[in-house]
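Please look over the structure below. Some questions and answers on its sheets, helices and charged pairs follow.

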Amino acid sequence: MTTEEARLFLQAKAPDADIPPDKLSSAPTWAHTGARPAHGRFPLVLLSPGLAFPRATLTGLANVGLAELYEFMDTAIDEQFGPDQFVTAQMARLDIASGYLEWVNAGHPAPLLIRGNRVIEALEGAGTLPVGFGGAAPQINTRQLVRHDRVLFYTDGLIEEHETGGEQFGEERLINSIEHVGPMTKSVQQMARSLSHALMRERKGMTSDDASLFLVEWCGGTADHLAEIDL
């Protein structure tokens, strides 16, 4: 993406966002054709209504700071939908070399820190208004992870589900499910799938509200080993 393309993109999608075009255009883009996942690894695929934009768009935004990312999304949604519509979100950045985690929680439960297959802490922190109200300053939380720590980000529908007149599923039952599934799985992918299936069973297949989970593990080192690329 050239600087002029970045300027036009920001002008069209977020005219009030204070993001310099050269910062967006200079962000590196990692994209290769014919890339094969390494054995036992799975690629993360992002699908977006913005597929018509250059592929630099998503990776470019991923390389700006969390405050700028929140501002960009907040402005775009506010201008497109007005004050009656908003989006809850969690945005995070993990330094894969150091394990330093930053996140913005805009309307979701606190992420859960998992160590040794046990939930040791809910990562409580400053909250931020949901995306789309316009003008809110995001509160960035930080945490230094230990190698092989896992962090579970999830939506409130995961714990608020309940039968009519019954109790909500609740955070305690979620934690019990995590600690039951963890020792029976090895990889983060296996744990995420098994946890998803276990929660569906526990909830008797009910999904009346959005129930999403995203599990991250910091393994330490670099990410160079995660994909084998044929150029």
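Exposed means over 50% relative accessible area, buried means under 20%, and partly exposed lies in between. The model is predicted.

Q: Is R118 buried or exposed?
A: The cut-off for exposed is over 50% relative accessible area. R118 has a relative accessible area of 51%. R118 is therefore exposed.

Q: Which residue meets R118 in a salt bridge?
A: The contact is between side chains, at 3.8 Å from N to O. The partner lies in helix α6 and R118 in strand β5, so the pair ties together parts that are 61 residues apart in sequence. The partner is E179.

Q: Which residue in the turn of the β4 and β5 hairpin has a positive phi?
A: The hairpin has 2 residues between its strands.

Q: In what order do the 4 strands of the open sheet stand?
A: The pairing is antiparallel. The edge strands are β5 (118–122) and β8 (213–217), and each pairs on one side only. The twist averages 25° from one strand to the next. The order is β5-β4-β7-β8.

Q: Which helix packs on this sheet by touching β4, β7 and β8?
A: Helix α6 (residues 170–181) touches β4, β5 and β7 (150–154). Its direction makes about 25° with that of β4. The helix that touches β4, β7 and β8 makes about 155° with the direction of β8. That helix is α7 (residues 188–202).

Q: What is the bridge partner of L112 in β7?
A: Strands β4 and β7 pair in the antiparallel sense. The pairing runs over 3 bridges. The partner of L112 is L152.

Q: Why is one side of β2 and of β6 left without a neighbour in the sheet?
A: The 3 strands form an open, antiparallel sheet in the order β2-β3-β6. β2 (89–95) and β6 (141–144) are left open on one side because each stands at an edge, with a single partner strand.

Q: Which helix lies across β2 and β3?
A: β2 and β3 (residues 100–106) pair over 7 bridges in the antiparallel sense. In this pairing, D95 stands opposite Y100. The helix across these strands runs at about 155° to β2. It is α4 (residues 66–81).

Q: How far apart are the closest N and O atoms of R143 and E121?
A: R143 lies in strand β6 and E121 in strand β5, so the pair ties together parts that are 22 residues apart in sequence. R143 is partly exposed at 24% relative accessibility. E121 is partly exposed as well, at 32%. The closest N and O atoms are 2.9 Å apart.

Q: Is R150 buried or exposed?
A: R150 meets E217 in a salt bridge, at 3.3 Å from N to O. Its relative accessibility is 8%. The cut-off for buried is under 20%. R150 therefore counts as buried.

Q: Which residues make the nonpolar surface patch?
A: The patch covers about 290 Å². One member is found in the loop between β5 and β6, and this residue is partly exposed at 36% relative accessible area. The patch is made by F86, L129 and F133.

Note on methods:
Residues are numbered from 1 along each chain as its sequence is written. This is a predicted model: local features need pLDDT of at least 70, side-chain atom pairs count only at pLDDT 80 or more; totals for chains, interfaces and linings use all residues. Side-chain values use heavy atoms; hydrogens and water are left out. Two strands pair if DSSP finds at least two bridges between them. Contact means heavy atoms within 4.5 Å. Axes are lines fitted to C-alpha atoms, for helices over the stretch in contact, and angles run from 0 to 180 degrees between N-to-C directions. Patches are made of residues with over 30% relative accessible area and no salt bridge: like charges are joined within 9 Å, nonpolar side chains (Val, Leu, Ile, Met, Phe, Trp, Tyr) within 5 Å. Accessible areas come from the Shrake-Rupley method with a 1.4 Å probe; for residues, only the protein chains shown count as cover. A salt bridge is a side-chain nitrogen of Lys or Arg within 4 Å of a carboxyl oxygen of Asp or Glu. Buried means under 20% relative accessible area, exposed over 50%, partly exposed in between (1.4 Å probe, protein chains only).
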